Amino acid sequence: MRAHLEWTERHGRCRKQPYARELKPTPGVHRFKLECSGWHSTSSWTKDVTASEAAALVRAFVDAVLFGQDGPVSPDSVTG
């Protein structure tokens, strides 16, 4: 999940990949702190990922492996 967030999340229009770390467990969500050290400033924000969002990402990953998809995986690419 952390690697997926680092691949997909961005600070505004910044193209630099942020660093993500999981925070203290929170009931019902995986909470991550993301930090971006883009050229103009250092910024951080939190991102909550629900169990259903995590499950959709896992399904997308498995489907991509089964169907030989190259490139990043997203829950939007879930087939069937």
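In this predicted model, residues 24 or more positions apart account for 25% of the contacts in the protein chain that have a separation of 6 or more.

**Overall fold**

The protein chain contains two helices and three strands. Read along the sequence, these elements follow the pattern α-β-β-β-α. Of the 80 residues, 28% count as buried. The chain exposes about 5,800 Å², and carbon and sulfur atoms supply 55% of that area.

**Salt bridges**

A search of the whole structure finds three salt bridges. The table lists each pair with its distance between nitrogen and oxygen.

| Pair | N to O distance |
|---|---|
| Lysine 47 and glutamate 9 | 3.7 Å |
| Aspartate 48 and arginine 31 | 2.6 Å |
| Glutamate 35 and lysine 33 | 3.5 Å |

Aspartate 48 forms a salt bridge with arginine 31. This pair also links distant parts of the chain, with aspartate 48 in strand 3 and arginine 31 in strand 2 (residues 29-36), 17 residues apart. Aspartate 48 is partly exposed at 32% relative accessibility, and arginine 31 is partly exposed at 28%.

In the remaining pair, glutamate 35 meets lysine 33. Glutamate 35 counts as partly exposed at 32% relative accessibility, and lysine 33 is partly exposed with a relative accessible area of 24%.

**Pairing of strands 1 and 2**

Strand 1 and strand 2 pair in the antiparallel sense over four bridges. Within this pairing, the bridge partner of glutamate 22 in strand 2 is phenylalanine 32. The hairpin of strand 1 and strand 2 has six residues between the strands, and glycine 28 takes a positive phi there, near 90 degrees. As a general principle, the side chains of a regular strand alternate between the two faces of the sheet.

**Helix 2 and the segment after it**

Helix 2 has 16 residues and reaches 22 Å from its first C-alpha to its last, close to the 22 Å expected at 1.5 Å a residue. Its buried residues are Ala54, Ala56, Leu57, Ala60, Asp63 and Ala64. These buried residues pack against helix 1 and strand 3. An α-helix has 3.6 residues a turn, so residues three or four places apart point the same way.

Which residues make the nonpolar surface patch of about 650 Å²? The patch is made by Val58, Phe61, Val62, Val65, Leu66 and Phe67. One of these residues, phenylalanine 67, lies in the segment after helix 2 (51-66). Phenylalanine 67 is exposed, with a relative accessible area of 62%; the class follows because exposed residues are those over 50%. Helix 2 is followed by glycine 68, whose phi is positive, near 70 degrees.

Note on methods
Residues numbered from 1 in each chain as written. Heavy atoms only, no water. Patch = residues over 30% accessible without salt bridge, like charges linked within 9 Å, V, L, I, M, F, W, Y side chains within 5 Å. Areas by Shrake-Rupley, 256 points an atom, 1.4 Å probe, with all protein chains shown as cover. Salt bridge = Lys/Arg side-chain N within 4 Å of Asp/Glu carboxyl O. Buried < 20%, exposed > 50% of the residue type's maximum accessible area, 1.4 Å probe, protein only. Contact = heavy atoms within 4.5 Å. Pairing = 2+ DSSP bridges. Expected span 1.5 Å × (residues − 1).
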